[in-house]
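Hi,

Here is the structure I promised to pass on.

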Amino acid sequence: MSLTTVEPEAPAVSLAKPEQPVGSSGFESWGRYPKYNSRVVPLNWQGDFPSVLAGTHDSALPVGMGRSYGDVCLLKDGTLLQTTGMNRLIDFNPETGLLTAESGISLAQILDFAVPRGFFLPVTPGTKYVTLGGAIANDIHGKNHEIAGSFGNHVPCFELVRSDGTRRLCSRTENPDWYAATIGGMGLTGLITWAQLRLKPIVSRGIDYEGIQYHGIDEFLDLKQRYQHVEYTVSWVDCASTGKNFARGIFMLGEHSKVPGELKPSPEPKLVFPFDAPGFALNHTTVSMFNTVFFHKQRKPHVKTVQDYEPFFYPLDAVLHWNRMYGKRGLVQFQYAIPWEHAKEGTIAILREIAKSGLASFLAVLKAFGDIPSLGMMSFPQAGIMLALDFPIKPDLTFPLLQRLGDMTLEFGGRLYPAKDAAMTAHQFQTFYPEWQRFARFRDPMLTSSFWERVTDSTGA
Amino acid sequence: MSTLAPPTSDTSPALDQTGVTRSKITKKILVLGATSGIAEATCRIWAAQGAQMFLVARNPEKLAAVAADLKLRGAAYVGTAVADLDDTDKHAELLANAVNSLTGMDIAYLAYGVLGDQPRAEQDFEHAAQILHSNFVAPVSLLTWLANFCVQRHAGVLAVISSVAGDRGRKSNYLYGSSKAGLTAFLAGLRNRVDREGVTVLTIKPGPVKTAMTASMKGSEKFADVNKVAATIVKAIDKRADNLYVPFQWQPIMFVIRNIPDRVFKKLNL
């Protein structure tokens, strides 16, 4: 028959007035900057790609939940292939913890399945609202980088489908070059239809947590050294303060509790940031107050407790749409990894520059990366120090500052993280990622992103 | 329609091939149109409850993907059949096999339907007839068999996805709307007939639902989450409700829309 079967909910949607004309969408990245129009086409089934592109000559880009901050998940005037409906489980081995799932499944959905069965993600970022495919494409990292490496290190294999319809099974031994190009490949090498992920066993939702105040980079480095055997380490650093409070912070340690506990799934978050905050809500005074309160919230210099994994790994997930706090103009992130050789001097210099600017915001994260090599050609993590923080967008101030910070990162031999970026120049990118031209040969000719166009533009500054 | 009679016993020796011990409390659910978004989300809840399910859909790859997922999520049994549900001649055999495979049936969940192309249907009667067939005639065939099966056993829930679009015809989709209006009226009559036999008929009318298709639309935050919609449907079935607007706000909205006088309504662009 000639009719196409549709989802039963689709007809009802037509009762509401379409909010946007066909051909544009309100798809935003997490930073809500930049904003581009594009066409969003859902991929609900593994067989949908590349047939959904038939008859179009638009460029396309596979995207997940839009939790990258800048423009790696955007494509101006192109087609975004949204994979979140492609979220089925394919196989699970409770003996080995090896999970196979479609690439649009979110880490939250994986946790809902895995935790009651006694398993946990091998590597998790600071939000669980990212897809499996996105986690591979950005080769994300977590608080256990020093002992576990990045996400791709736990993905034994996946399927890659190109826009010409060819399908490749990719692993370290099969199509190893495609495997390396796709891990950290920003979605540009093709569509990951499904992937395997090696989960790790847990016996409790609990995390044995310790929080330790520190003052300055030397104390941070001492703590890092002292606790290098601990699975999860991260620190919050105050980027707003100068003088005696310069680079004060809280060093946070965690390990999965060894005491068996109830392994129930997480409840749904109840809080939603309800509206765009006005532009004046975030200013130097409110941010400094926040940082001071956060620092002293921990009343003793050293606390020990057991906490649920949700607040430990995903404190911000408790408030959906927290990015609205930055108002309509959005935010940009700045995240570098500087190798040990210049890590300390680089971090001090950059923190000073940030504090001087008065633009710092809250929740800057300072962490050490370990030396387990990432498997991706374009992966971000490298052994050394990593700093990540948000800036509200103040057009005249934020972007010049980001240029300076990017250049400083470059001078200290570091690199910036494409998944968090909206500002690095073509020159910076090409210096940070010397493999980029080799990687470009693996890009699918139909796929690109606004990020890729920006940083490979030979005319760009 | 074939004359194949519904099986009269759920202990038919036929088809317990799985060897799984089936607890009396786990639900036995027949899902027609199992690869639709709402149906799949609903099935995931039932799977987590350890239900036994038989899934029918047209596309074999999609059906296999859904079935594998539900098994991993905890379904005690998942049987499948590939079928074009427009083909009413095959309904009796299909349903009999499904019920045998489940060794009984507590719930039939009908999530099968087409949107069609309204502008085309305005010009092309064949297309209009096709919409009516898929959304009304074929469900009537399925539900006639299923209702008779349930009446014989004085038990069962028939949960059917209709639409708010069936509450009043609008120019943007009145072929679809009238097919669903017919379905809603059929269900009301069927309920009136079989309720006294211990059989529940649930008419489900979904409003806009957030799916992959609408996830990035402006305003989609206000759309219903498909998993919440599914959870509401599961609850309504457990409560043996008769009618369900989901989300519930659509009940007052449709009350207003139904009661706008035609001299006003006919001028609106809905």
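Let me start with one pair: Asp91(A) sits opposite Thr100(A), a residue of strand S5(A). Those strands, S4(A) and S5(A) (residues 98-102), pair in the antiparallel sense over 4 bridges. Here two strands count as paired if DSSP finds at least two bridges between them, and helices (H or I, at least four residues) and strands (E, at least two) are DSSP runs numbered from the N terminus.

Before the rest, some housekeeping. This is a predicted model, where local features need pLDDT of at least 70 and side-chain atom pairs count only at pLDDT 80 or more, while totals for chains, interfaces and linings use all residues. Residues are numbered from 1 along each chain as its sequence is written, with chains lettered from A and ligands numbered from 1 in the order in which they are written.

Back to the sheet. It is open, with 5 strands of chain A in the order S4-S5-S9-S7-S8 and antiparallel pairing. S4 (89-93) and S8 of chain A are at the edges with a single partner strand each, so one side of each has no neighbour in the sheet. At the S8 end, S7 (residues 157-161) and S8 (residues 167-171) of chain A run antiparallel and are joined by 5 bridges. Val161(A) has Arg167(A) in S8(A) as its bridge partner. The hairpin has 5 residues between the strands, and Gly165(A) takes a positive phi near 90° there.

Zooming out, chain A has 13 helices and 20 strands. Its radius of gyration (over C-alpha atoms) is 22 Å, close to the 23 Å of the globule rule for 461 residues, so chain A is as compact as a globular protein of that length; the rule is 2.2 Å times the number of residues to the power 0.38.

What about the core? The largest nonpolar one has 127 residues, and Ile110(A), Ile136(A) and Val332(A) have the most contacts inside it. A core here is a set of buried Ala, Val, Leu, Ile, Met, Phe, Trp, Tyr and Cys residues joined through C-beta atoms within 7 Å, buried meaning 20 or more other C-beta atoms within 10 Å of a residue's own, with C-beta atoms placed from the backbone. Beyond four places in sequence, the contacts (C-beta atoms within 7 Å) of Val332(A) include Gly31(A), Tyr69(A) and Phe391(A).

Finally, confidence: mean pLDDT (the predictor's confidence in each residue, from 0 to 100) is 90 for chain A, and 94% of its residues reach 70 or more. Over residues 1-24 of chain A, though, pLDDT is below 50.

Cheers

Terms used
Contact = placed C-beta atoms within 7 Å. Buried ≥ 20, exposed ≤ 12 C-beta atoms within 10 Å, placed from the backbone.
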